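I opened my notebook for this one and went looking at how the chain packs. Here is what I wrote down, entry by entry.

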Amino acid sequence: MMKRIILLILVTLLLVGTLPAFAHAEGFDASLIEEPYFIVVDAANPSQTLLGLARGADERIFPASTTKIITCIIALEYAVQDGHSLDEQVAISAAAVDFTAGNSLMEVEKGEVYLLEELLYGLMLISGNDAAVAIAEHIGGSIAGFAELMNAKAREIGMGGTNFVNPHGKHNNNHYSTARDMAVLTGYALRDPEFIKICKTGEYTATEIKSGRQVTVRNTNRLIANPTATDENPDPISCLYDKAIGVKTGDTNQAGKCLVAAAEYHGMRVIAVLMGGTLQDADYTANWSKWRAPRKEPYNARRFQDAILLFDYAFDALTSKITIGELVAQGLPATFTLQIENYSENDPTEGLLTLTPDWDENTQLMLMAPTQAALLASLTHCAQERYYKTAAPVYRGEVVGVVEYTVNGSVLLTANLIAPRDVQEGIIVTHTPDASGQPILITDGPTKDIGDKPFPIAAVIIVFFCVLIVLTAALLIRRRIVINRRKQEALRRKRKEMARREMQRQTQQRRPPTDRNRYDDSGY
């Protein structure tokens with residue numbers, strides 16, 4: 001019984017020691033977040049709330065265009081199946097362009113043909129409903145057929161409070177989800193590097209295959225790209241966030257202003273889902289359509305600013321500082337040995353060097369709590385060395401290699417390995433051949449046994465003839481160049497002379513007849 005109690009105490013102390021930053025979680029003021037429904041999760045475990053940052057996360061909401069996240073990931077998974085690819089051509093149908101004014105569109109046209117990959121950029125960046133329909137018809141055969149694929153995928157990844165009826169998110173009472181489900185979906189989508197590549201892009205130009213017409217789309221996610229300035233709104237609010245890696249905006253009257261965002265810092269990905277942002281303001285609700293762009297700006301920017309608040313708080317709360325020296329004290333490898341070849345027989349350690357990383361042990365590392373826990377769990381075997389020089393001569397202060405400290409595939413720390421002293425080279429001296437005709441070798445250290453190998457006369461002869469052939473070819477080429485230059489010069493002189501004669505002939509023809517027939521009186 002006593003052993004179990006002691007074990008429980010040790011486990012508790014370990015958890016507390018490796019996750020010190022979680023104590024900050026209680027300090028966040030949720031009233032700062034305008035959106036009524038939000039949740040923050042670790043992308044590696046998206047079903048669980050991170051640091052208690054959530055409100056109304058399991059209530060039913062309308063996802064609007066954040067729906068396009070699942071449309072995109074279904075298309076990407078379709079493209080890697082046998083017989084398919086992102087280079088497939090997709091024809092634009094009449095249904096794909098059947099949208100009224102006010103819809104977000106890529107602005108493709110009926111009968112045009114685009115690559116599937118290009119339509120995914122139009123889907124995720126500008127939130128094109130037309131691109132969504134074109135993709136859905138191409139993969140699912142119809143909107144209804146694609147919706148079946150969407151719901152099957154939702155069930156597969158654990159979105160228990162979700163139902164989809166279309167690929168774009170235009171309002172339908174039967175098209176709904178929850179903030180938590182959208183976080184689960186995004187965590188799943190972020191496993192695909194192609195998905196991140198698309199939704200992290202600021203601007204993209206697609207080219208229609210038949211006509212070559214180009215369509216440029218810009219990301220509506222202000223964490224990734226600033227909106228384009230216009231005459232009506234010349235100075236839009238910037239919400240750029242250097243840690244952002246996506247993901248998708250959404251906006252309908254019924255859904256409000258929605259944002260599913262993701263950011264990465266020191267190897268940890270965090271997802272923030274914010275839904276239903278409209279500000280409960282009577283004047284806002286009644287007169288929004290009449291407001292000019294500058295007055296709308298604070299409302300348009302709010303969801304992105306709220307996402308930044310959540311990200312900064314989460315990253316700050318999950319980040320801890322630890323010095324290299326503290327890690328070394330806990331077992332981080334800080335001494336390495338390297339056997340130098342061809343060392344002198346006078347070397348005191350027979351060519352063995354003891355190396356230490358070129359670092360300052362007082363340097364602080366910023367580690368996310370999960371990363372630090374993983375590092376401490378694999379501390380003694382996280383070092384990977386690479387050596388540039390393994391043979392003498394080696395000189396004191398010379399960089400002979402590098403060591404990388406890696407956790408979960410990510411390099412956290414890199415340091416040079418410096419030679420602490422000189423290692424002289426072993427000397428080879430050749431004397432008169434012995435009775436067998438072979439040279440006698442006297443060495444001043446370990447060497448490769450080359451005394452029983454004949455002098456490579458054949459190789460020397462081959463090299464000599466190769467050099468001779470190259471020189472001969474070079475001379476012939478030079479001679480040909482000189483001859484060609486002479487011929488060209490002679491041809492230029494000949495053409496110049498012919499041109500001069502032609503000019504004289506034309507001059508004679510232009511003279512008046514009286515001039516051409518005039519006699520010199522002195523001759524008669």
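**Entry 1: Met124.** I began by listing the contacts of Met124 (contact means heavy atoms within 4.5 Å). Leaving aside neighbours within four places in sequence, I found Met124 touching Lys68, Ile69, Cys72, Phe195, Ile198, Cys199, Asn219, Val247 and Lys248.

**Ground rules.** I am working with a predicted model, where local features need pLDDT of at least 70 and side-chain atom pairs count only at pLDDT 80 or more, while totals for chains, interfaces and linings use all residues. I number residues from 1 along each chain as its sequence is written, and side-chain values use heavy atoms, with hydrogens and water left out.

**Entry 2: the cores.** I looked up nonpolar cores next (sets of buried Ala, Val, Leu, Ile, Met, Phe, Trp, Tyr and Cys residues joined through side-chain atoms within 4.5 Å). Buried here means under 20% relative accessible area, exposed over 50%, and partly exposed in between, with a 1.4 Å probe and protein chains only. The largest core holds 68 residues, and Leu119, Met124 and Phe195 have the most contacts inside it. Helix α2 gives this core its largest share, nine residues. I also noted a second, separate core of 31 residues, with Ile224, Leu259, Ala272 and Ala307 among them.

**Entry 3: helix α4.** Helices are DSSP runs of H or I with at least four residues, strands are runs of E with at least two, and both are numbered from the N terminus. I checked the length of α4 (residues 129-140): at 1.5 Å a residue, its 12 residues should span 16 Å, and the end C-alpha atoms are 16 Å apart, which agrees. The expected span is 1.5 Å times one less than the number of residues. Nine of the 12 residues are buried, so α4 is largely enclosed by the rest of the structure. What covers them includes α2 (68-79), β3 (89-91), α3 (116-124) and α5 (143-157). After α4 comes Gly141, with a positive phi near 85 degrees.

**Entry 4: the whole chain.** I logged 13 helices and 18 strands. Of the 524 residues, 41% count as buried. Among contacts between residues at least 6 apart in sequence, 64% join residues at least 24 apart.
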